[in-house]
Structures are given as structure tokens and as C-alpha cells.
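Please keep the sequence and the 3D view open while reading.

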Amino acid sequence: MRPRLNLTSGRIDPERPSTLLRTLILSWSKDERSRRVTPRRVVSQLPIQLTGCMLAIALLMIVGLMGLILCQGLGTFWPQPLWELTTSDQGRYLGLVHRREPIPADDHAQGARAQRTLYRIGNRDVYETDFVWINDQHILTQSRPTEAVVVERLEWGPWYGFISDVKTPEGTVSGNREQVWAALLRQRPSARQRTRVIRRIERRIIGDLNDEVEQHRLAIRRLELRGRLDTPTEQRQLQRHQHAIKVLEQRYARIADSLGQQRAQDQAYRVVLTSIDGRQKELPISAIVRIHQPNRLSWCGRVAVYADRLREFVFDPPREANTEGGVAPAVFGTVLMTLLMSVAVVPLGVLGALCLHEYAKQGPLVSGVRIAVNNLAGVPSIVFGVFGLGFFCYLIGGTIDRFVFPERLPTPTFGGGSILWASLTLALMTVPVIIVATEEALAAVPNGLREASLACGASKFQTVWRVVLPAAIPGVLTGTILAMARGAGEVAPLMITGVVKLAPTMPLDHLWPFIHLERKFMHLGFHIYDVGYQSTNIEASKAMVYMTTLLLLGIVVCLNVTAMRIRGQWRQRFHSADV
Amino acid sequence: MKRWGIAWLVALGVGGTAAVSASPIAVDIRLPMYQRVGGMTGNLNSIGSDTLNNLMTFWAEGFATYYPSVKIQIEAKGSSTAPPALIAGTSQLGPMSRPMKPTEIDAFEKKYGYPPTAVAVALDALGVFVNKDNPIQHLSLEQVDSIFSSTRACGGKASLTTWGQLGLEAEWANAPISLYGRNSASGTYGYFKEHALCKGDFKGSVKEQPGSATVIEGVTNDRFAIGYSGMGYKTAGVRLLPLTGLGSTKVYEATADKVYAGTYPLSRYLYIYVNKAPGKPLDPLVAELLRYVLSQEGQSAVVKDGFIPLLKEIEAVEIKKVDDVL
């Protein structure tokens with residue numbers, strides 16, 4: 001036995017080997033005799049130690065992974081100070097500290113312990129790059145100008161600099177920085193109001209109008225496809241639709257006019273931004289997402305900025321090719337897909353398991369089926385994806401398109417990837433989980449219960465449906481939890497059955513029939529893959545990847561907790577029924 | 001306050017000489033501004049190149065400000081996924097980072113009876129990236145081939161495996177070159193194989209990455225790495241190496257000027273393939289999107305994504321393909 005560190009005395013004691021783990025386990029076991037340590041006892045307790053070890057390893061992995069994600073993700077939105085730097089090569093920079101690292105040792109002139117820092121200097125539209133590495137020795141002066149402003153913009157990422165003018169139709173405010181800042185803050189609410197109005201016209205009014213036009217167009221196309229346009233009734237119908245389109249288009253022109261005026265009005269309110277090296281950029285006030293002066297923010301102000309960024313992340317749609325803004329459509333798509341999948345997979349799996357366990361005659365055939373189902377769980381998910389694409393999208397979807405929506409061809413309606421097909425594919429993938437869990441649960445229902453029920457005169461179906469299944473429900477829910485967790489985190493099969501980088505419409509909206517299962521959707525798991533692997537500004541979007549991962553984990557936890565609560569209720573019901 | 005006012009004046013004065021690097025590439029001002037037309041609505045699907053993935057998204061976002069009710073869905077799994085989707089009709093736009101291969105064009109013609117139309121929408125320069133600490137100055141294409149290829153079809157004599165073989169000293173002399181590249185579905189992979197490897201084969205030791213951004217990440221975190229990717233993916237953690245072409249001795253940097261002049265050896269067009277029947281106008285929605293893409297607004301998104309915008313001369317040729325009823 002190797003000498004171990006004695007925890008209580010803090011020194012190495014070769015006579016009494018002791019580990020933290022063993023101390024814990026022994027104190028848990030509360031068995032007075034087991035505290036006497038003899039070599040035989042050590043051997044006999046080895047299995048206990050082993051279980052503890054494995055648990056510790058599992059915990060360590062979870063804590064480590066969560067810690068990494070939390071550290072990298074949660075800090076992202078915290079407003080950091082803006083540093084103004086001058087360097088020995090005449091450079092002037094204004095930026096946030098992004099990362100620090102030691103300069104590798106081969107750079108002998110710098111000495112071994114020299115550090116360098118990656119600054120985020122923003123202003124991507126006027127500088128070539130928005131990050132710059134600066135060796136700490138090259139920095140001559142370093143300060144935190146109180147008037148430095150972080151301007152988060154709709155396009156081109158953040159601007160770090162100063163505000164020099166605020167231009168409105170009433171006049172221009174410039175000169176004194178304090179006054180300009182105050183003027184800009186005064187203008188912000190009305191700018192936000194104008195944006196809201198414009199967005200409402202764009203999204204709701206014009207969107208609905210165009211949807212109506214589209215319906216009439218499709219109706220005309222349907223008439224054409226039927227091929228008999230010569231009968232008077234059909235002629236009348238055709239004219240009616242054409243007239244309706246004309247009326248709608250006139251209305252569209254009017255709305256577009258007013259939209260143009262609104263936009264022009266909005267463009268008249270402008271702000272001029274200046275960078276640390278004097279380059280200027282003018283943009284409409286409504287193109288500003290958020291402004292703050294990080295170097296004079298109080299602690300409360302920081303929390304407010306943090307909360308606002310978090311709100312934007314969770315509830316707003318993405319901007320700038322998904323590298324900024326929020327992930328709301330992806331959150332929605334993930335939750336809806338997981339729920340649809342559960343709705344599809346639970347009945348399928350439960351009924352299958354019932355047949356397999358209660359009705360089917362146990363024999364080589366049933367054993368074969370059981371083995372096949374278990375093996376299905378080992379099939380790579382991408383194979384399910386390919387199956388879903390071929391079977392659901394192309395075969396079933398294509399057939400539906402040909403017979404139900406011929407007027408929309410060649411643009412596929414159900415014949416391409418969609419949230420419905422993606423959910424069904426995942427349902428197929430997770431069905432073994434449910435079947436196995438349900439079968440286990442059914443096997444755990446005591447036979448006496450079945451016999452008692454049958455003895456009372458219930459039929460086989462009544463017994464299964466009213467007695468056995470309810471008793472097995474908690475087990476079924478355990479299976480559902482596992483299936484949902486697997487489904488929500490899966491990406492590979494979704495990539496070919498309906499997930500897209502950008503889906504401009506959600507599968508649920510205010511237009512009839514409200515739920516549009518044929519639409520493609522966004523998914524958090526794919527979002528992580530996409531932003532992490534594809535974005536051109538990887539340094540800036542890495543934080544987004546961690547936040548998205550955190551959110552996905554959060555959603556899986558939420559879904560699981562809900563299922564667990566339901567399971568808890570069922571369990572309670574059966575305990576009280578036993579009494 | 002006053003102190004900052006003075007600092008500000010100084011800043012304005014010094015501004016011109018500041019060391020913050022050059023401005024990004026400007027869009028050709030001779031390009032037309034985009035003009036909104038009435039009554040655009042409908043759905044577009046774009047399936048294809050992942051190099052063009054972000055750019056397509058920028059265009060879709062920009063296009064949506066003109067036509068709020070036009071819905072564009074974007075899928076990007078690699079250039080090779082564009083032709084099958086165009087042929088099956090599941091997409092109307094096929095962004096590709098390489099021209100279609102003859103077999104792909106044949107498959108399209110077999111179904112429709114005419115070839116697909118390729119519209120060049122941006123320029124890209126493929127860059128060879130090294131870690132920011134790497135002292136190497138430039139490489140020739142022969143050297144690049146000898147680094148990446150096992151067959152050395154461009155005529156390199158020996159396989160280059162350590163940085164010392166490229167003339168680097170001290171700790172670099174014995175450091176093995178760590179290779180990063182793209183997976184084979186990517187158009188970037190195909191282009192690099194054809195133009196930098198003279199159609200030779202990649203070494204087995206190339207770490208194939210699923211996205212361009214991960215190539216850059218790999219090179220950022222691995223000091224002895226070298227990788228290739230679109231120049232748009234450049235970050236502060238990597239350095240884009242100037243290259244010399246085959247049989248030439250002049251070194252060219254990957255800048256817009258050199259790409260326009262055609263002297264940078266690894267530049268290419270990025271395309272959007274569309275299905276246009278001869279003698280018939282293009283689908284109005286697709287045509288409008290392409291007009292937007294080729295306008296000043298569309299090309300400024302190209303700059304935003306780090307690629308090189310088209311010049312008026314190129315745009316004039318491409319817009320013809322959109323407008324003409326041939």
C-alpha cells in the first residue's frame with residue numbers, strides 16, 4: 001500500500017492509509033465497525049471505493065464541461081472597460097481586452113515572461129480587421145477615457161469611439177461631448193418608436209398583403225392546371241382572382257409609398273461617430289441597437305446592459321449572418337421539434353412495447369424483434385437522416401406535393417426538408433429508447449396485479465389499459481426524458497431533413513393555418529455548428545457559440561424537469577393507490 | 001473634460017498617420033444602386049457552398065429589407081450539394097465556390113435540355129495561412145504543393161515536412177509542419193487541389209476540417225500549422241502568406257488589386273447557379289435577387305463578409321445573363 005496523505009493531520013502516514021473518498025464513504029455508511037481499518041477491510045471495501053470513484057469521475061466531467069461553458073459563455077455579455085492605448089509604433093487604439101497570452105519563448109528579445117493581449121477594436125467597416133494583438137511592452141500609455149462609447153449597430157458589428165454630432169431635422173448638436181451624448185440619448189426612444197412602426201408595416205401589413213396575393217396567384221394556377229378555362233364559371237373565377245390581385249397591388253403601392261416616407265423620415269435623424277484615430281462614420285440613429293459608456297457605468301448600469309444583451313440573445317432574431325443578435329427562432333424551432341418528436345414517438349413506442357410484452361407470444365420471433373429494436377439504437381443518426389430524406393421528404397412529401405399542392409410545383413411544399421419530417425425522423429431514431437424503457441417498466445409491474453384484475457373479470461385489454469399501463473407510466477416517462485434529451489441535442493440527421501441556417505419564417509405564426517409544419521426551421525444545435533464552423537469572424541462569434549450551447553443545455557434541462565415532475569405526480573398517485 | 005478635448009484634437013491630427021491598418025476594400029462606385037420594384041413575394045431556397053453561406057445570409061437579410069415578404073431559406077453543406085438540388089428543383093439558387101464539373105452540367109442538361117446559368121457574384125482569393133508567430137515571409141506554389149501533396153504534381157522535388165526545410169531557424173528548424181485543410185465536399189478543397197496541387201493528391205496527414213472557420217481556429221491554436229481557406233476568414237490570430245505563382249518569381253499578396261489584375265495565383269470567382277431556360281426570362285424573384293446581389297448594396301455585403309466585390313466590367317457581363325432573354 002502506497003503511503004497516503006492523512007487528511008485530518010495533513011501529513012503522510014504509512015500506517016493508516018486514508019483518502020478523502022474513503023473517509024466520505026465510511027462516514028456515510030455509519031457503520032462503527034467499518035471504521036476500523038484492516039487490510040482485509042480495505043480489500044473488501046474496494047468495490048465501494050470503485051463506485052465512488054466512478055461517480056466522482058462522472059461528476060468531474062459534468063462540472064468541468066459545465067464550468068467551461070459557463071465561464072466562456074456567461075461573461076460574454078458583461079460590459080468591459082474600453083482601453084485607450086498608444087503604442088511605440090505610433091499606433092492609437094481603443095478597444096476591449098479580449099484575451100491574453102504569454103509570448104512564446106523563442107522571441108528572445110522579449111524575455112520569457114512577456115505577455116501580449118488581443119484587443120477587440122471594433123469598427124470593422126473602417127479598419128480592415130476588428131481584432132489586434134498588441135505586445136504589452138509596446139504599450140506606452142494606457143487609459144480609460146470616460147467618454148468612450150460602445151455603439152452596437154445593426155450592421156458591421158460594434159463601434160468603439162466617440163460621438164461627435166447628432167443631426168436631426170431640428171438642427172445639429174456638436175461640440176461638447178456631454179451635450180452630444182445627452183442629445184443622442186434623448187433621440188433614442190423616438191428612433192426606436194420609428195423602427196417599430198416601420199417593422200410593423202414591413203412584417204405585418206405588407207407581409208399579410210403579399211400572403212393574400214400569393215393565395216390568389218395559387219388559385220389562378222390551380223384553375224390553369226385543371227385545364228378548362230373556357231367555361232363561364234371558371235372565367236368568372238379567374239377574373240375575380242385577377243381583380244383581387246390588382247386591388248391588392250394598388251393597396252401595396254400605397255403602403256409602400258408611406259413606408260418609403262417613413263424610411264426617409266427616419267434617415268433624417270443621424271449620428272456621426274468618430275474613431276480614436278479620427279475616422280468618421282455617419283449612420284441613422286435607428287441603426288443603433290444599444291449604446292453605453294462602459295468606463296463610467298455604475299455596477300447597476302453594467303447589470304442593466306448585461307440583462308439587455310441577454311434579453312436580446314434569447315428573444316430576438318439573429319442579425320449579420322447569425323453572428324449577432326439573438327437566437328429566438330432557433331430556440332423556438334428546437335422546442336417545437338422536440339415536442340413534435342415526443343408526440344410522435346411516445347404512442348409509437350408505447351404501443352409497440354405493449355404488443356411486444358403483453359400480447360405477443362414469447363418465442364424466437366419476438367426475441368428477434370426485440371434484438372432488432374435494441375440494435376436500432378446503435379444505428380448512426382446520420383443513417384436515420386438519410387432514410388428520413390429519402391422516405392419522408394422525397395417519397396411521402398413528394399407524393400403529397402404531386403396530389404395536394406400541384407399548383408406550387410416545382411417549388412416543393414412538403415417535398416423538401418421540413419420541421420415535420422425532421423421530427424418524424426428523430427422519432428424513428430428515438431423509438432428504441434421508448435420501447436426498451438416501456439418494456440422494462442411493464443416487466444416491473446407485478447404479475448399479481450394482472451392476475452387480480454383478470455380474476456375480477458376484466459378482459460385482457462381492460463387489464464392492460466387500466467391496470468398495467470398506468471402502473472408503467474413512470475417508466476415510460478423516464479424513456480421519454482431520455483428520448484427528448486437525445487432528440488434535442490441531435491444535429492446530424494436534422495441537417496439533411498429540414499434545418500437551415502436562416503429561416504425567415506417560424507413554423508408558427510398568425511397566418512392561417514397558424515402551424516406550418518412544411519416550413520424549414522432553425523435549431524440551436526445546428527446554430528452552434530454553423531456559427532462555430534462557418535462564420536468569417538470566428539474570434540468575435542466564439543462567445544456566441546458558448547452562449548448558444550448554454551441555452552441548449554438549459555432547454556434540455558427545462559424539458560426534462562417538466563417530464564420529471566409529471567413522472568413524480570404519477571408515482572405519487574400509485575403510492576397513494578397502494579395504501 | 002478639457003484634457004480630453006485636447007487629446008481629441010491631437011487624435012484628429014495624428015489620425016491620418018495612425019498605425020491601425022488599411023481600410024477594407026471599397027465597392028466599385030460605378031455599380032448601379034439597387035432599385036426596388038413592386039409586388040415581389042414568394043419563397044426561395046438556396047442550397048450549396050458553405051464558403052458562400054454567410055454571404056448568402058447577408059444578401060437574404062438585405063433583400064428582406066426591400067421585400068419583407070420574400071422568404072429565403074439557406075442551406076449550405078458544400079458546393080457539391082448545389083447541382084443535385086438545382087436538378088431536383090428543391091432549390092432555385094445554387095451558390096457554388098467553383099464552376100460546375102462537366103458531369104454535373106450533363107446531369108442538369110439531361111433533365112432540362114439546357115445547361116444551368118452561372119452568375120459570378122463575388123471574387124475570392126484562397127489564402128495560405130500560418131500562425132501569427134510564424135516568421136516565414138512568403139511561399140511559392142511549388143513549395144505549397146510540396147507541403148500539402150503526396151504526389152507533388154507541380155514538380156516539387158522532395159516532400160517538405162519541417163519548417164527548417166523552408167529556411168526557418170531556431171525552434172522552428174525541427175518543428176514538423178502541421179497541415180490543416182477542408183473536407184472533400186467543399187469547393188475550396190477542390191479548387192486548392194486543382195490549382196495549388198496541380199490536381200495531385202493531398203497528404204494523408206492533412207487534418208480535414210468541416211468548416212473554413214475551423215481551419216483558421218486550428219492554425220490559430222497550433223503554432224506550427226499551415227492551412228488554406230478563403231481570405232475572408234482571416235483573423236488576428238493568423239497571417240495570410242503572399243504567394244508566387246508557378247514558374248514565376250514575383251511575390252503577390254492576396255489583395256483586391258492583385259486579384260483584379262489576375263496576378264495572385266489562387267483567386268477564383270464565386271457563383272450562383274440558376275435554372276434559366278433559353279428564350280424565357282428568369283423567374284422574376286430570382287432575377288430580382290441577382291440584381292440586388294450585383295448592385296452596390298449587394299456588393300457591400302461582399303466586402304462585409306471579407307470577400308472581393310466585382311468591378312463594373314464584370315458586373316456588366318453578369319447582369320446581362322440575368323436580364324437577357326436569349
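A:Ala372 is exposed, because 10 other C-beta atoms lie within 10 Å; a residue is called buried if 20 or more other C-beta atoms lie within 10 Å of its own, exposed if 12 or fewer, and partly exposed in between, with C-beta atoms placed from the backbone. The model is a predicted one, in which local features need pLDDT of at least 70 and side-chain atom pairs count only at pLDDT 80 or more, while totals for chains, interfaces and linings use all residues. Residues are numbered from 1 along each chain as its sequence is written, and chains are lettered from A and ligands numbered from 1 in the order in which they are written. A:Ala372 belongs to helix H8 (residues 364-376) of chain A, where helices (H or I, at least four residues) and strands (E, at least two) are DSSP runs numbered from the N terminus. Its C-alpha atom is 9.3 Å from that of A:Pro432, although 60 residues separate A:Ala372 and A:Pro432 in sequence.

A:Met495, in helix H13 (residues 492-495) of chain A, is by contrast buried, since 22 other C-beta atoms lie within 10 Å. Leaving aside residues up to four places away in sequence, A:Met495 touches A:Gly385, A:Phe526 and B:Lys77, contact being defined as C-beta atoms, placed from the backbone, within 7 Å. A:Met495 and A:Gln265 are 230 residues apart along the chain, and their C-alpha atoms are separated by 43 Å.

Ten of the eleven residues of helix H14 (residues 524-534) of chain A are buried, so the helix is largely enclosed by the rest of the structure.

Not counting residues up to four places away in sequence, B:Leu55 touches B:Ala122, B:Ala301, B:Val302, B:Asp305 and B:Phe307.

## Sheets in each chain

In chain A, five strands form an open sheet in the order E6-E5-E4-E3-E7, with antiparallel pairing; two strands are taken to pair if DSSP finds at least two bridges between them. Strand E6 (131-135) and strand E7 (139-143) of chain A stand at the edges with a single partner strand each, so one side of each has no neighbour in the sheet. Strand E3 (residues 83-87) of chain A pairs with E7(A) in the antiparallel sense over four bridges, and A:Leu85 stands opposite A:Gln142 in E7(A).

Chain B has an open sheet of three strands in the order E5-E10-E11, with mixed pairing, in which strand E5 (139-140) and strand E11 (251-252) of chain B are the edge strands, each pairing on one side only. E5(B) and strand E10 (residues 243-244) of chain B run parallel and are joined by two bridges, with B:Leu243 as the bridge partner of B:Leu139.

## Domains

Domain bounds here come from an automatic or database domain assignment, which gives chain A domain 1 (4-76), domain 2 (83-144), domain 3 (168-296) and domain 4 (328-578). Five residues of domain 1 of chain A are in contact with five residues of domain 4 of chain A.

The assignment for chain B gives domain 1 (41-123 + 269-323) and domain 2 (124-267), whose C-alpha centres lie 28 Å apart. Their contact takes 18 residues from domain 1 of chain B and 19 residues from domain 2 of chain B.

## The contact between chains

Between the chains, 55 residues of chain A are in contact with 57 residues of chain B. H4(A) gives the most to the side of chain A that touches chain B, with eight residues. By class, that side of chain A has 26 nonpolar, 14 polar and 15 charged residues, where Ala, Val, Leu, Ile, Met, Phe, Trp, Tyr, Cys and Pro count as nonpolar, Asp, Glu, Lys and Arg as charged, and the others, Gly among them, as polar.

Conventions:
Two residues are in contact if their C-beta atoms, placed from the backbone, lie within 7 Å.
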